[in-house]
Amino acid sequence: VQAADAGPFDLLVIGGGINGAAIARDAALRGLSVLLVERDDWAGGTTAKSSRLAHGGLRYLELLEFALVREALEDRERLLTQAPHLVRPLRFVYPIYPEVVAKRTVRLGLWLYDVLSRRKSLPKRGHLSKRAALELVPTLEPARLAGAATFFDGQIQSVERLVVEMVADARRHNATALSRTTVVGLEIEGSGRDRRATGARLRDETGREWAVHAKAIVNAAGCWVDDVLGPLAAGRPPKIRKTKGIHIAVPRFLDVALMVRAKDGRSFFVLPWGDDCIVGTTDTDFGGDARDAVASPAEVAYLVDSARRYFPAAPLDQVRYTYAGVRALVNQPKVSESNVTRRHIVYDHGREEGIAGLWTLQGGKITTARTLAEEVVDFVGRHLGRSELARLHPTRRAPYPGAPAEAWDGFVVRATSEAERELGIDAQAAHRLVSTYGTRWRDVAACGVKPGAAGVAAPAGGPMPCEVAFAVREEDARHVADFMFRRSGFGFAPGGNPDVARVVLSWMAGLLGWDAARQAEEWRLYQGETTHFYVPSPG
Ligand SMILES: Cc1cc2nc3c(=O)[nH]c(=O)nc-3n(C[C@H](O)[C@H](O)[C@H](O)COP(=O)(O)OP(=O)(O)OC[C@H]3O[C@@H](n4cnc5c(N)ncnc54)[C@H](O)[C@@H]3O)c2cc1C
């Protein structure tokens, strides 16, 4: 860390989840000097534990959140066009069983969903007879099925990589971005209602502490925003309400996504993702540190039973892994978990408490991170006396670093055959490389280590050494789990895919100079992280 890192920065952003990364990117693209700090790894908080949908949130129509749905649908469209390598169209089927939901309710909901998404590239809603629905989804329970509706949303192949690309883009525009760096205290000057935020104290993994100066601070620490505020939060109601949502992964039995209702009336999804189907989610109040959240046996049983009503013969008992995320929702104490607003609030400590230059995020979604970031940076621009900045909105058009200029379908075919030929790898490996990194596949391949040249080989279908080298050199991967879960998806397999993880460990050891003791420690850390993806034993 260089001395220049002390600032002063125009903006300090605390938290490298989707929201913090989006704010840092937006501010850097508008020309502000930005410092982004993340305590753990990029996207390692709630952002890595979502349903991975870029969606308007059909369910939020029931909560009458029309403005939120419209905003989210606009951001969905932007994600599909600005990050086509990471966000793809996904077809949904909404089966209609009259005792669960009336046909006209579904029709009305989907009509509204289409109306609210004005400019869109995705196909419109459609309706299916019972026979057509069963042809599309043969595993669906046929008894009492009255037909189905279909619609499209976006699926984010890797939210973690979306965040990593936001950080890369922020850096390209001169932002400083430090992972493994914790804000341990805020610096506030003045007294009473005449205070202002001036900086923060940071601590890195080695325990070194230093102060940075910033003219504006955004607290985007998700579930930990109240902890970051520390003494400033004392005597005030918590800014956020935490609710836990879990997912289970079972062997893939669908090629389209299903939206269905559980017995208690909650909607949930069954989503194809890689070799798995992901079933989720739940919504229950959560106390404690979100880092400790895991799926309980009762929550797993709830999802298995709920899905079995619709898919009696699907391999729902073969849970491969689970994951649990904690939402940091706007604190609305007297409302039930599922009904808490999904809107975000940008809490202005200047207006509310007389602390100028400090904002705290409450709520928010992956899909709407860009809009939220734009709103926040408008506030920051005005606070800095640079209201001309508030008129610039570069993220409405700016593509992500790996996005091709041409249409995705054509690009992927052309780039895959180029990668196959130039790197001498098979078509499957070339396709994976291109669809993970988009146009940056060449940067990855050029990352010093030739594919297949690093001694131990990964199991078939596994990562190439250049990917690990790229993650370490360009994307801040410091531990095995950073690569396995957040730079690639190889960790999402039973036991965290130990065969691949061992090879990655040996490659990282070569790149980072780990001795035998450090390798043993890193292996222990990896196993510790995989316990968060565990499968509770029956009963
Ligand atoms: C089960 C579930 C499913 C979801 N599905 C979807 C979906 O399909 N689509 C969608 O749009 N949204 C979805 N969401 C919502 C979405 O995941 C969250 O709103 C979003 O990820 C929150 O991002 P964030 O950046 O605010 O928080 P986080 O991702 O939690 O980031 C906050 C970061 O702050 C860091 N931090 C904490 N303290 C400090 C400190 N002192 N110093 C420095 N850094 C610190 C943390 O390490 C963390 O990385 C889902 C949420 C859940 C729980």
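Mentor: Buried means under 20% relative accessible area (1.4 Å probe, protein chains only). The model is predicted: local features need pLDDT of at least 70, side-chain atom pairs pLDDT 80 or more, while totals for chains, interfaces and linings use all residues. Numbering runs from 1 along each chain, and side-chain values use heavy atoms, without hydrogens and water.

Trainee: Which residues of α9 are buried?
Mentor: Helix α9 (a DSSP run of H or I, at least four residues) covers residues 369-383. Because 11 of its 15 residues are buried, α9 is largely enclosed by the rest of the structure. The buried set is A369, R370, T371, L372, A373, E374, V376, V377, D378, V380 and G381.

Trainee: Which residues are closest to the ligand?
Mentor: 37 residues surround the ligand (a heavy atom within 4 Å). By class, 11 are nonpolar, 19 polar and seven charged. The closest are E38, T47, L53, G364 and T367.

Trainee: How much of the ligand's accessible area does the protein cover?
Mentor: Start with polar contacts (N or O atoms within 3.5 Å). Ligand nitrogen atoms lie 3.1 Å from a polar backbone atom of R39 and 3.0 Å from one of S51. A ligand oxygen is 3.0 Å from a polar backbone atom of I366. Of the 1000 Å² that the ligand has on its own, the protein covers 94%.

Key:
Polar contact = N/O pair within 3.5 Å; in protein donor to acceptor, adjacent residues only side chain to side chain. Areas by Shrake-Rupley, 256 points an atom, 1.4 Å probe, with all protein chains shown as cover. Nonpolar A, V, L, I, M, F, W, Y, C, P; charged D, E, K, R; others polar. Helix = DSSP H or I, 4+ residues; strand = E, 2+ residues; numbered from the N terminus. Expected span 1.5 Å × (residues − 1). Buried < 20%, exposed > 50% of the residue type's maximum accessible area, 1.4 Å probe, protein only.
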